[in-house]
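Opening the notebook on this one.

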Amino acid sequence: MNRTAIPLLVFMAAAGSAPAQQPAPVPLFSADVIRSFTPPDNPITDAKAKLGDMIFDEKRVSADDSVACNTCHSPRNGFTTHTAASRGVGDQIGKRNAPSILNAMFYKSMFWDGRAASLEEQSRMPILNPVEMGQKDPKDVVAKLAAIPELSDAFQKVFGRPPNWEDMGKALAAFERTRLSTEAPFDRFLHGDEKALNASQRRGWALFTGKARCASCHTYDPALPLFGDNRFHNTGVAAGKPDFNRLAQRAAKSAAAGSVDAGKNAEIDKLALETEYSDLGRFLVTQKREDIGGFRTPFLRDVLLTGPYMHDGSRETLWDVVEFFNQGGERNPFLDAEMKPLGLSASEVEDVVNFLGALTSDRFAELRTAELDRQRTAYQYRVAVQRETHKGSR
């Protein structure tokens, strides 16, 4: 197998799926596009991606041998956890939802707040975070890798030297760059298959680019069809927290006074995952007033598989997400100017969600249908309970 073929063979296990009945995956991204987003000093090879996969699955990389990268980025869950926040060593729970690594190679910076500049850097940071994998020093990690014969041998094969911190990051990044979405019903529709989308999904696409204004941030570029702008926005998610205004005002004063500097990544990492300052978002990285409460626009490919949603996992279903934007987000002094009430009817919200489901790869057709039904049922049940509770309180 040659180097450029690797990213085109992406797959992930799906609970309850029947691989024999799944359509063959059709690549969304050409080998040239993948190569253009791959650092020249870390080309993807079969052996390197396989080594990265081995490390990704290895619990012994953590301080107490209890968690691996795939603990929070499970292939069975769209490379997420399906929980609001991630659980690390010692059953500690962080402040952020684990973003999917699918298509992560196309982000200009990593994490919800962009605190890492590359996948190589991003892949190493959770290992040293106290509430994630809990290691205290890169030397301890390297020692563990060297003590695992199959990993030590693989490092020699790929890099021609024993395990080390930098090469570990390169291997993990190479593996992550092979986790890509494949063709979905939406793509087949654009290619002329009018039956690929049903009437609701077609209405949803029109709403997505029109009344619902989703495309303002989740931009569609035929050359890189990921539905994201690689920017950070305050949509008001964090503003729903009781202490947000107090923290935001303190941050704004500090920024205005020039009394703080952007810290080191390790320090920002701790603030983001361990403290109440997590909801300040991009501000932790830039220390700019306009970034208070701002979080990265996630790509929407395979979004149906990666709930719960938002940086804190506070929205259980895609219906909750669309309704949140329909209401114009949560008002706060730093709210993005694009955030305004949309006036979508319940049927229009349904259409937008159905369209979002059509962005999930065809190879997960069965899981796609089941997850859409699950989310619809969960949302409708919760709304019904709220209505009954409201009636009972009158």
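**Entry 1: cavities.** For my own reference, I count as a cavity a set of grid points where a 1.4 Å probe fits but cannot get out. The model is a predicted one, and I searched the whole of it, which gave four cavities of 30 Å³ or more. I put the volume of the largest cavity at about 890 Å³. Which residues lie nearest its centre? I get His218, Pro298, Leu300, Met310 and Phe325, out of 49 lining residues. By element, strand 2 (295–296), helix 13 and helix 14 each give two or more residues to that lining. Helix 13 gives the most, with four residues.

**Entry 2: nonpolar cores.** Next I looked up the cores. The largest nonpolar core comes to 32 residues, and Phe227, Phe355 and Leu356 have the most contacts inside it. Helix 8, helix 9 (199–209), helix 13 (318–326), helix 14 (346–357) and helix 15 (365–392) each supply two or more of its residues. Another core, of 24 residues, lies apart from it; Val67, Met133, Met168 and Ala171 are among its members. Back to Leu356: skipping neighbours within four places in sequence, I find it in contact with Phe208, Leu300, Val303, Leu318 and Val322. Leu300 is also one of the residues nearest the centre of the largest cavity.

**Entry 3: Ser181.** Ser181 sits in the loop between helix 7 (165–176) and helix 8 (185–190). Buried or exposed? At a relative accessible area of 3%, Ser181 counts as buried, because the cut-off is under 20%. What does its side chain pair with? I find a polar contact of 2.9 Å to the side chain of Asn103 and one of 2.5 Å to the side chain of Asp302. Asn103 is 78 residues away along the chain, yet the two C-alpha atoms are separated by 6.6 Å. Leaving out residues up to four places away in sequence, Ser181 also touches Leu28, Phe29, Arg301 and Ser361, among others.

**Entry 4: helix 6.** Going along residues 149–159, I listed Leu151, Ser152, Ala154, Phe155 and Phe159 as buried. These cover an arc of only 160 degrees around the axis, so they are on the same side of helix 6. Pro149, Asp153 and Lys157 are exposed on the other side. What do the buried ones pack against? I get helix 2 (46–56), helix 5 (138–146) and helix 7. After helix 6 comes Gly160, with a positive phi near 75 degrees.

**Entry 5: Asn129.** I get a relative accessible area of 1% for Asn129, so it is buried.

Entry 6: Last, I went through the torsions. The Gly307 to Pro308 peptide bond is cis, with omega near 0 degrees, and Pro308 falls in the loop between strand 2 and helix 13. Phe79 is not a glycine but has a positive phi of about 60 degrees. His82, also a residue other than glycine, has a positive phi near 60 degrees. I place Phe79 in the loop between helix 3 (69–72) and helix 4, and His82 lies in the loop between helix 3 and helix 4 too. Phe79 is buried at 1% relative accessible area, whereas His82 is partly exposed at 36%.

Methods: Residues are numbered from 1 along each chain as its sequence is written. This is a predicted model: local features need pLDDT of at least 70, side-chain atom pairs count only at pLDDT 80 or more; totals for chains, interfaces and linings use all residues. Side-chain values use heavy atoms; hydrogens and water are left out. Buried means under 20% relative accessible area, exposed over 50%, partly exposed in between (1.4 Å probe, protein chains only). Contact means heavy atoms within 4.5 Å. A polar contact is a pair of N or O atoms within 3.5 Å; within protein, one must be able to donate a hydrogen and the other to accept it, and residues adjacent in sequence count only if both atoms are side-chain atoms. A nonpolar core is a set of buried Ala, Val, Leu, Ile, Met, Phe, Trp, Tyr and Cys residues joined through side-chain atoms within 4.5 Å. The arc is that of the directions from the helix axis to the C-beta atoms. On a 1 Å grid over the protein atoms alone, a cavity is a set of points where a 1.4 Å probe fits but cannot get out, and a pocket is an open set with protein on both sides within 12 Å along at least five of seven lines; lining residues have an atom within 4 Å of a point. Grid points are joined across faces, edges and corners, and a volume is the space filled by probe spheres set on the points.
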